[in-house]
Amino acid sequence: MYRKLTILCLAIIPVVLYNCTTNTLDEGDVEDLPPIVETVTYDDDVAAIITTNCVTCHSGPNANAGLQLTGYANVRAAAEQGNLVNRINNSANPMPPTGQLPPETRQIIDQWIIDGYLEN
Ligand code: HEC
């Protein structure tokens, strides 16, 4: 009796483990992440993401699409207008054009907007 139970348990463990790993690998959506509980601010969290991923193409006199993403006021304006979030989360036509940022990074931008565009 106990032996059958042990064999059954041993047979179930790999199945459970396999499902856990595949689910983790499949999670590419912001909705699947645990919520951010810390307050997100432009200075602490958002500025670095924009500087690293966007500013090379979206600054100066030849900024792509005429869109300046330098500094709090410009980034807030783009976020309030809506296009920034749409393009960051747009898998067919993403920004940056090389491919979507990881969901953890996009979630920070989403949370910044939810929190009300805090500067610092
Ligand atoms: C390699 C250059 C490049 C990088 C890096 C880049 N962009 Fe862009 N972006 C473009 C070009 C070119 C366009 C205009 C064509 C288009 O809309 O796809 C554009 C358009 C946009 C638009 C639409 C503007 C409008 O008024 O229609 C938004 C919003 C945007 N980018 C946001 C971002 C954000 C946010 C980042 C960083 C996460 C980023 N971009 C990174 C080149 C870039």
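Helices (H or I, at least four residues) and strands (E, at least two) are DSSP runs, numbered from the N terminus. The structure is a predicted model in which local features need pLDDT of at least 70 and side-chain atom pairs count only at pLDDT 80 or more, while totals for chains, interfaces and linings use all residues. Residues are numbered from 1 along each chain as its sequence is written, and side-chain values use heavy atoms, with hydrogens and water left out.

Of the 120 residues in the protein, 28% are buried. Here buried means under 20% relative accessible area, exposed over 50%, and partly exposed in between, with a 1.4 Å probe and protein chains only.

The ligand sits in the largest pocket. A pocket is defined on a 1 Å grid over the protein atoms alone, as an open set of points where a 1.4 Å probe fits, with protein on both sides within 12 Å along at least five of seven lines; a cavity is a set from which the probe cannot get out, and lining residues have an atom within 4 Å of a point. A molecule sits in a pocket or cavity if more than half of its atoms lie within 2 Å of its grid points.

Around the ligand there are 16 residues, and the closest are C54, C57, H58, R87 and M95. A residue is near a molecule if one of its heavy atoms lies within 4 Å of it. Helix α4 (residues 83-88) gives the largest share of this shell, 4 residues. By residue class, the shell divides into 11 nonpolar, 4 polar and 1 charged. In this scheme Ala, Val, Leu, Ile, Met, Phe, Trp, Tyr, Cys and Pro count as nonpolar, Asp, Glu, Lys and Arg as charged, and the others, Gly among them, as polar.

An N or O atom in the side chain of R87 is 2.7 Å from an oxygen atom of the ligand. In the side chain of H58, an N or O atom is 2.8 Å from a nitrogen atom of the ligand. For N83, a polar side-chain atom lies 3.4 Å from an oxygen atom of the ligand.

M95, one of the closest residues to the ligand, also takes part in a cis peptide bond, which runs from M95 to P96 with omega near 0°. P96 belongs to the loop between α4 and α5.

Aromatic rings come next. Rings of Phe, Tyr and Trp (its six-membered ring) pair if their centres lie within 6.5 Å; planes under 30 degrees apart count as stacked, over 60 as edge-to-face and the rest as tilted. By this rule there are 4 aromatic pairs. The rings of Y42 and W112 have centres 5.9 Å apart and planes at 45°, so this pair is tilted. Y42 in helix α2 (residues 42-53) and W112 in helix α5 (residues 103-114) are 70 residues apart, and their pair links distant parts of the chain. Y42 and W112 are both buried. W112 also pairs with Y117: the ring centres are 5.3 Å apart and the planes lie at 85°, so the pair is edge-to-face. The relative accessibility of W112 is 0%, and Y117 is buried with a relative accessible area of 13%. Ring pairs join Y42, Y72, W112 and Y117 into a cluster.

Y117 has a backbone feature too. In the segment after α5, Y117 has a positive phi of about 55° although it is not a glycine. A65 likewise is not a glycine and has a positive phi, of about 60°. A65 is found in the loop between α2 and α3 (72-81) and counts as exposed, at 80% relative accessibility.

Two pairs of residues illustrate how separate stretches of sequence meet. I109 in helix α5 is buried, with a relative accessible area of 1%. Between I109 and I49 the C-alpha to C-alpha distance is 8.7 Å, with 60 residues separating them in sequence. E31, in the loop between α1 (2-26) and α2, is exposed, with a relative accessible area of 66%. E31 and P103 are 72 residues apart in sequence, and in space they are 8.7 Å apart, C-alpha to C-alpha.

Methods:
A polar contact is a pair of N or O atoms within 3.5 Å; within protein, one must be able to donate a hydrogen and the other to accept it, and residues adjacent in sequence count only if both atoms are side-chain atoms.
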